[in-house]
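Please take a look at the sequence and the structure below, and then read on.

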Amino acid sequence: MSLNKFTKSDRHVIYTLTGLMVILTIIYAVDHRNTFSEFHPQDSNPKERDTHLSDSFATLRLQREEAKRRRELRYLELKDSFARLKNERERRKIEREARYLAIKDSFAQLKIERERRKAERDSIWAHRQDSIQQIRPKKLSEGEYVNVNQADTLSLMKIPGIGKGLATAILSYRERLGGFYAKSQLLEINGIPNDIEKYIIVDGSVRKIDINKLSVTQLRKHPYLNFYQAKSIWEYRQKYGKIKNIKQLSLRPEFTEEDMNRLQPYLVY
C-alpha cells in the first residue's frame, strides 16, 4: 500500500506509530524469553536437574510430614482441653450436688427442730390441760412397772410425772428409734422426770436397721444418725464394700465412741 496518498504529517505519525510497535514487539519478545527461561531453565546437566527435583520432592515431603505432625499435636491439645473441660464440669457438678445436699439437710434439720419444738409445746400444753382438768389415770406406786416397749399412751400416763404430752413424746421417740434397749434412753426426751426409771422396765427386742442396704435418706431418719454420719456410711460402702462390724466405723471421724456404743444395738450387717 502506497503512503503517498497521505499527507506528510500523517505519514510522519504512521512512521512514529510503526516504530513504537516494533520497539514494543522487541521488548515483549525479550520479556517473554526471560520469563520462559525463569520457569524453564536450560540445564545442560540432566543429573543435576534430577537431583534438584529429588531435593524439591524431599523438601515437599518433609513439609507435609511436619504439617501432619503439627495437626496431630493440635488434635492432642484440643483433646486434652476437652478432657480438662469435662473434668471441670464434673467437679462443678459434684460441688453443686454437695451444696444442694447441705442446703437440703439444713432445711430438713430445721423441719425436725420445728417438729421437736412443736412436740414440746404440745406436750406442755397437754400437761397443762391434764393439770387443769384433773383427768389422769391412777398413778403407779413404788414396785409397779410399765414396759415402755409395749405400753400405750394410757399406760405411760400412769407413771408419776408423765402426762398425755410426754406419753405421746415417748411413743413417738420409741417409733423413731425402733424400740428402747435401756432405761436411760428415755432421759433423752425433753421434760422426762429423772426418777422415771423406778417405774419402767425394758423388755423386748428392738427394730434393726441394715446399714449395708439403706440409702443416706433412710439412714438419717434414725435419731442416732445425722446426715454426715449417714453419708459417711454410704461413702464407706462405696469405697470399701460391705460393712461387717461397727469397729469399721471407728476409723471414720464422724463417729465418736459414744455414738458407736448407743448405735450398736440397732445395727445389723
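## Salt bridges

A search of the whole structure, which is a predicted model, turns up 14 salt bridges. Side chains of opposite charge can pair when their charged atoms come close. Let us visit a few of these pairs.

One of them joins the side chains of Arg 70 and Glu 66, with 3.2 Å from N to O. Both residues belong to helix H2, which covers residues 46-133, and they sit 4 residues apart, about one turn of the helix. Arg 70 is exposed, with a relative accessible area of 55%, whereas Glu 66 is partly exposed at 29%.

Another salt bridge connects Arg 91 with Glu 88, and here the closest N and O atoms are 2.3 Å apart. About one helical turn separates Arg 91 and Glu 88, because they are 3 residues apart in helix H2. Arg 91 has a relative accessible area of 38%, so it is partly exposed. Glu 88 is partly exposed too, with a value of 26%.

Asp 210 forms a salt bridge with Lys 213, with 4.0 Å between the closest N and O atoms. Is Asp 210 buried or exposed? Its relative accessibility is 19%, and buried means under 20%, so Asp 210 counts as buried. Lys 213, by contrast, counts as exposed, with 67% relative accessibility.

Asn 212 is found in the loop between strand S3 (209-210) and helix H5 (216-219). With a relative accessible area of 17%, Asn 212 is buried. A polar atom of the Asn 212 side chain lies 2.7 Å from the backbone nitrogen of Ile 243. Leaving aside residues up to four places away in sequence, Asn 212 touches Arg 237, Lys 242, Ile 243 and Tyr 269.

## Aromatic pairs

Now for the rings: the structure holds 5 aromatic pairs. One of them is formed by Tyr 224 and Tyr 266, an edge-to-face pair with 5.9 Å centre to centre and 70° between the planes. This pair links distant parts of the chain, as the two residues are 42 residues apart. Tyr 224 is in the loop between H5 and helix H6 (227-240), and Tyr 266 is in the loop between helix H7 (257-263) and strand S4 (267-268). Both Tyr 224 and Tyr 266 are buried.

Tyr 236 and Tyr 240 have ring centres 4.8 Å apart and planes at 45°, so this pair is tilted. The two are 4 residues apart in helix H6, which means that about one helical turn separates Tyr 236 and Tyr 240. Tyr 236 is buried, with a relative accessible area of 10%, while Tyr 240 counts as exposed at 51% relative accessibility. Elsewhere on our tour of rings, Tyr 181, Tyr 224 and Tyr 266 are linked by ring pairs into a cluster.

Our last stop is a nonpolar surface patch of about 560 Å². Which residues make this patch? They are Val 13, Leu 17, Leu 20, Ile 23, Leu 24 and Ile 27.

Leu 20 lies in helix H1, which covers residues 8-39. Its relative accessible area is 46%, so Leu 20 is partly exposed.

Note on methods. Residues are numbered from 1 along each chain as its sequence is written. This is a predicted model: local features need pLDDT of at least 70, side-chain atom pairs count only at pLDDT 80 or more; totals for chains, interfaces and linings use all residues. Side-chain values use heavy atoms; hydrogens and water are left out. Patches are made of residues with over 30% relative accessible area and no salt bridge: like charges are joined within 9 Å, nonpolar side chains (Val, Leu, Ile, Met, Phe, Trp, Tyr) within 5 Å. Accessible areas come from the Shrake-Rupley method with a 1.4 Å probe; for residues, only the protein chains shown count as cover. Buried means under 20% relative accessible area, exposed over 50%, partly exposed in between (1.4 Å probe, protein chains only). A polar contact is a pair of N or O atoms within 3.5 Å; within protein, one must be able to donate a hydrogen and the other to accept it, and residues adjacent in sequence count only if both atoms are side-chain atoms. Contact means heavy atoms within 4.5 Å. Rings of Phe, Tyr and Trp (its six-membered ring) pair if their centres lie within 6.5 Å; planes under 30 degrees apart count as stacked, over 60 as edge-to-face and the rest as tilted.
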